[in-house]
Amino acid sequence: MASLLGLALLLGRWLGRARLYRIIFEADTPAGKAFDVVLLLAIVASVLSVVLESDPRIRGLYLAPFETLEWCFTLLFSLEYVLRLLCVGKPLRYATSFYGVVDLVAILPTFGPYLYAL
């Protein structure tokens, strides 16, 4: 998790807070459109993975790839969440907004067992 935060900070420093905000929150730029398309494709792929994994036969055959995909999607969505928090003026306001809560709820199930163990 620390490396994820480090990556987010590196991206934030490299792109700059204002540019990062435009990419993430404004879809009227080529980079913003690309960000939205990539995020949408990741969401669709994540949902498709969960649907396929719900079939016991498929899950039994491909358990390791499904677990790997789950962690990849969780880390990607976690990075997106941290980047959103880094580029907004009031991170707590975003975190408690509807979209901030939805983003957090999307990543918590994977981290849940590890958080519970603490």
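Tutor: A salt bridge is a side-chain nitrogen of Lys or Arg within 4 Å of a carboxyl oxygen of Asp or Glu. The model is predicted: local features need pLDDT of at least 70 and side-chain atom pairs count only at pLDDT 80 or more, whereas totals for chains, interfaces and linings use all residues. Residues are numbered from 1 along each chain as its sequence is written, and side-chain values use heavy atoms, with hydrogens and water left out.

Student: How many salt bridges does the structure hold?

Tutor: Side chains of opposite charge can pair when their charged atoms come close. The number of salt bridges in the structure is four.

Student: Is Arg57 buried or exposed?

Tutor: Buried means under 20% relative accessible area, exposed over 50%, and partly exposed in between, with a 1.4 Å probe and protein chains only. The relative accessibility of Arg57 is 67%. Arg57 therefore counts as exposed.

Student: Are Glu80, Arg84 and Asp103 buried or exposed?

Tutor: Glu80 has a relative accessible area of 8%, so it is buried. Arg84 is at 11% relative accessibility and also counts as buried. Asp103, at 16%, likewise counts as buried.

Student: What is the C-alpha to C-alpha distance between Leu39 and Leu76?

Tutor: Leu39 lies in helix H3 (residues 30-53) and counts as buried at 15% relative accessibility. Leaving aside residues up to four places away in sequence, Leu39 touches (heavy atoms within 4.5 Å) Phe77, Glu80 and Arg84. Leu39 and Leu76 are 37 residues apart in sequence, and their C-alpha to C-alpha distance is 9.1 Å.

Student: Which helices do the buried residues of H1 pack against?

Tutor: Helix H1 covers residues 2-15, and its buried residues are Leu4, Ala8, Gly12 and Leu15. These cover an arc of only 85° around the axis, which puts them on the same side of H1. On the other side, Ala2, Ser3, Leu10, Arg13 and Trp14 are exposed. The helices against which the buried residues of H1 pack are H2 (17-25) and H5 (63-87).

Student: What is the area of the nonpolar surface patch made by Leu5, Leu9 and Leu86?

Tutor: Leu5 lies in helix H1 and is partly exposed, with a relative accessible area of 42%. Patch residues have over 30% relative accessible area and no salt bridge, like charges being joined within 9 Å and nonpolar side chains (Val, Leu, Ile, Met, Phe, Trp, Tyr) within 5 Å. The patch made by Leu5, Leu9 and Leu86 has an area of about 240 Å².

Terms used
Helix = DSSP H or I, 4+ residues; strand = E, 2+ residues; numbered from the N terminus. Expected span 1.5 Å × (residues − 1). Arc of directions from axis to C-beta. Areas by Shrake-Rupley, 256 points an atom, 1.4 Å probe, with all protein chains shown as cover.
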